[in-house]
Amino acid sequence: MAAAIRQPGWYRGAIGLVLGAAFGFCLVVGLRLLSGLDAFQTEQTGYPQVIVPLITAPFGFLFGFGAFDYWFRWAAGKPTIPEDHSGHGATKWQDYFKFNTDHKVIGTQYVVTTLFFFLIGGLLALLMRAELAQPGTQIVAANTFNGLFSTHAVVMIFLFIIPVFAGLANYVLPLMIGAPDMAFPRLNALSFWLLPIAGIIFLGSFLAPGGSFDAGWTGYAPLSTGAPLGQTFFNIGVQFAGASSIATALNFLVTIITMRAPGMNLWRMPLLVWANLSTSLLVVGATPFVAGAQFMVFFDRILGMNFFNFLEGGDVISYQHIFWFYSHPAVYIMMLPGFGIISEIISTHARKPVFGYRLMALALIGIVVLSYSVWAHHMFVAGMFSWLRVPIMITTMLIAVPTGIKVFSWLGTLFYGKIHTYSTAMLFALAFIITFTVGGISGVMLGMIPIDIHVSDTYFVVAHIHFVLFGGSVFTIFAGIYHWFPKMTGRMYDERLGRIHFWGTLVGTWMTFIPMHWIGMDGMPRRVADYASQYGDWNLLISVSAFVLGAVQLVFLYNMIVSWRFGPKAGPNPWRANSIEWQVSSPPPVFNFDEIPRVVGGPYEYGTPGARHAIMGGEGEGAEVPETKPSTVTVPS
Amino acid sequence: MTRLPILKMVLAVIVFGTVQSVILLQFNWFGDEASTAAKPIDTLLDVTIIISSFIFAIVCVALGYALIKWRAKPGDESDGLPIHGNTRLEIIWTIIPVIIVLGLAGYSWAVLDDIEKTDSNALHINAYAQQFAWTFGYPEDGNKWSEGELHVPVDRQVIFDLQAQDVIHSFWVPEWRIKKDAVPGLETEVIVTPDKEGTYSLICAELCGLGHTTMRATVVVESEAKYKAWLNKQTTQVPEDILKTTNQYEADQLKKEEQSGGIEGSGVIEQ
Ligand code: HEM
Ligand SMILES: [Cu+2]
Ligand SMILES: [Cu+2]
């Protein structure tokens, strides 16, 4: 027992958690008593005796759990073992519940954890749809309703879509570039463990006096600066989720820049790698802004600062500028990795090189650059400087150009291919193209100021974000999970169940979110618990469709869980793909490669006889394969 | 390599796009029009719908054609043609969208300019937003006050000066097609020329707390004469405390200036 307590792990983690909480609590109460104040302060924007432990307890847990052991030993000048692999790899299921430094284990941890949050976020959404099925009050009062849409969005954005992409990329990206792991495995593990912490804080806000945070995921000041305690949980949760994203992005950047296998020059990187490079550039540049925005609200609330208090000269609208300077890039943080996934899947299943590979990569970079210059399109009616509107409208609409390039190039990839649609991954990828196009079109409409003035803050915006986030991001996530499931688990999923899930999701998405455009344009505002009775029928249809959409996701979960355990063995390369992750066993060996592969050609050389992307270590010294050049066939015009 | 039936595909896009536009243009998406801004905005929407229909048609036709034509037979393990791209095509699908979106942006800018033109004889009305009610002051008519009910004359430009008392709210009358946030500490305005008599709803469109859902007011657009008659019947004036909170910061600033004999900090109020 004593040994178990000294070892990093759950026991020590639990003790750390309690000690951390106790430390924070005593600090607050002690200081307050010393200063002659009451021990507790219970103004709704206060509660330091809850807030400070909320920050110290997670650190206590992480210390106990072993997240910092190695770094501390090193910092203290104690002997460290650079090649200590005790926390690496998984041989039994318990290894997934450790501070594990293997990128493949971490990838799996991410995907499973985030799917759990997807389920929770989905349940919150269904509660809302139950309330909205009919005009009037059904099951929840207005204050609960505000909490529901706020937590729904926050869980989906910060705990599902952003991190699930980090998880998928964690698993496949090092393999794809021929690296044995990520550049900073311990930081990688820390990034993962910050996520459940953020999740517990967000959901824990339901227990706070006054209920969960309810100022929307956007948390506009001054509504948020005066809101009940739950809002502070949001402020703090974002810090943990944000730190997790930033650390992962730095990790990806260093990994991609420094750890590519010999021969893997930039123009030989699979587009998934390009996509994550671009995403990471957005994350490291933009995420500090949301952290800053939430800290400022936090300080306004807790320390009585006046960043957003207009009575003391604070500037209310600056919150929105800072917030959107992150949150517009964030929407592309939620989309670019999906673009990468779609490129891989379409090329593999159409047996053809990605059309216009270089322009596809440049389009990603173009989106990154433009993304930093469009934030204020969320503020066309917010009362900001009126001169800023037209320039922002122009940059916003220009973003449609690189986005269009991606869509057209995927279509170009299909032409003259051999399109296989037996895999659910490919079905989702193809459906994504159409559904995302609708979301892109509504995006351009929202970018046009006179139209946005009318439909901003209506269900039209709700429709747009769900077409791009559900029909866009989530479709790519499903595609990616189906595509790499055999690699991650070594087993095949059931394609028949996959198809049921696919058709249910496709029809459910359109039936749920298309009518939202109509009622929004006709005058139904967003973030309301009730509405004019003329929208009753459409809302009923939306609610019923949403429940169908939710139910179909159970088929997905069943398929994944059962196939993981009982599915037929998949073999290393069931899709006959070219990229490196498919050239190793499924699941790959602990250190990925016995010998680092040598990259000799582009990643998508389908149809060129003898062309190779990489030569794997096992193929022996004698295997002299010439560098392959992409062939130069072009489309007849 | 087979040649593409370009002509047939173009035809399919034209048919698909036209049918879709015709269907979509049957609906009055934004609802009734009751201001001079509504017409140009709705026309802009129609143009956007037509362009979007054709873009959507291109994507659908291309995807449909590819799926029909190049679907692999079961068991076919061969690869597609090793085509890596086509510079001319790639330039085309970069340049044409640039032209389209810049065109739409230019058109939108023109509409925006048009609907925001101010008239010299515009009527000024103050709209006060507070959790969770709208009240209105009529400064040109003895600072009369009305609660939850707004009256405006038809066919005359009205400029609403929005004043938020607590948190952000948003002033939206769907039939007028205008919306603007009321932001504490900031002066924002809505410019509108109602051109159809009737009763409409003013909806708060920005989440403002528990009562956001029900934060509405009635808008009555009526003839100048009826408007005047209604105003005359109103007896209350805008209460002092509303003016006070709205101008609190300015007042404090003034006091500070008087005390210190100089200006400290710049005005944050003015936009
Ligand atoms: C063609 C590309 C796109 C354009 C031009 C565009 C434009 C816009 C505009 C102008 C708004 C503000 C609407 C308003 O609040 O009045 C908006 C909202 C939003 N967009 Fe997009 N968008 C595009 C693609 C995307 C993508 C790819 C995503 C995410 C995957 C996305 C996610 C969102 C979200 C989440 C919001 C709502 C934020 C909120 O107010 O809660 N958009 N978009
Ligand atoms: Cu945006
Ligand atoms: Cu409101």
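**Exercise 1. How much area is buried between chain B and chain A, and what share of it do carbon and sulfur atoms give?**

Solution. Keep in mind as you work that this is a predicted model.

Step 1. The size of an interface is often given as the accessible area lost when the parts come together.

Step 2. Between chain B and chain A, that area is about 8200 Å², and carbon and sulfur atoms give 69% of it.

Step 3. Now look at individual residues: B:His84, B:Trp93 and B:Leu207 supply 9% of the area that chain B buries against chain A, more than any other three residues.

Step 4. Counting residues instead, 85 of chain B are in contact with 99 of chain A.

Step 5. For charged pairs, the count between the two chains is 4 salt bridges. B:Glu77 forms a salt bridge with A:Arg576, where the closest N and O atoms are 4.0 Å apart.

**Exercise 2. Find the atoms that coordinate the copper ion (ligand 3) and work out the arrangement of its donors.**

Solution. 

Step 1. List the donors: B:Cys204 (SG), B:Glu206 (O), B:Cys208 (SG) and B:His212 (ND1) coordinate the ion at 2.1 to 2.5 Å.

Step 2. Read their spacing along the chain, which is C-x1-E-x1-C-x3-H.

Step 3. Check the angles. Four donors count as tetrahedral if all angles lie between 85 and 135 degrees. Around the copper ion (ligand 3) the 4 donor atoms subtend 85 to 126°, so the arrangement is tetrahedral. For comparison, the ideal angle for four tetrahedral donors is 109.5 degrees.

Step 4. Buried means under 20% relative accessible area. B:Glu206, at 4%, is therefore buried, and B:Cys208, at 0%, is buried too.

**Exercise 3. Trace the strand pairing of S9(B) with S6 and S10 of chain B.**

Solution. 

Step 1. Start with S6 (residues 169-173) of chain B, which pairs with S9 (residues 198-204) of chain B in the antiparallel sense over 2 bridges. B:Trp172 has B:Ile203 in S9(B) as its bridge partner.

Step 2. Move on to S10 (residues 216-222) of chain B: S9(B) and this strand run antiparallel and are joined by 6 bridges. Here B:Tyr200 has B:Val219 in S10(B) as its bridge partner.

Note on methods
Residues numbered from 1 in each chain as written. Chains lettered and ligands numbered in written order. Predicted model: local features only at pLDDT ≥ 70, side-chain atom pairs only at ≥ 80, totals over all residues. Heavy atoms only, no water. Pairing = 2+ DSSP bridges. Helix = DSSP H or I, 4+ residues; strand = E, 2+ residues; numbered from the N terminus. Donors = N, O, S within 2.8 Å, 3.2 Å for Na, K, Ca; no water. Tetrahedral: all angles 85-135°; square planar, octahedral: opposite > 155°, others 65-115°. Buried < 20%, exposed > 50% of the residue type's maximum accessible area, 1.4 Å probe, protein only. Contact = heavy atoms within 4.5 Å. Buried area = accessible area lost by both parts, 1.4 Å probe. Salt bridge = Lys/Arg side-chain N within 4 Å of Asp/Glu carboxyl O.
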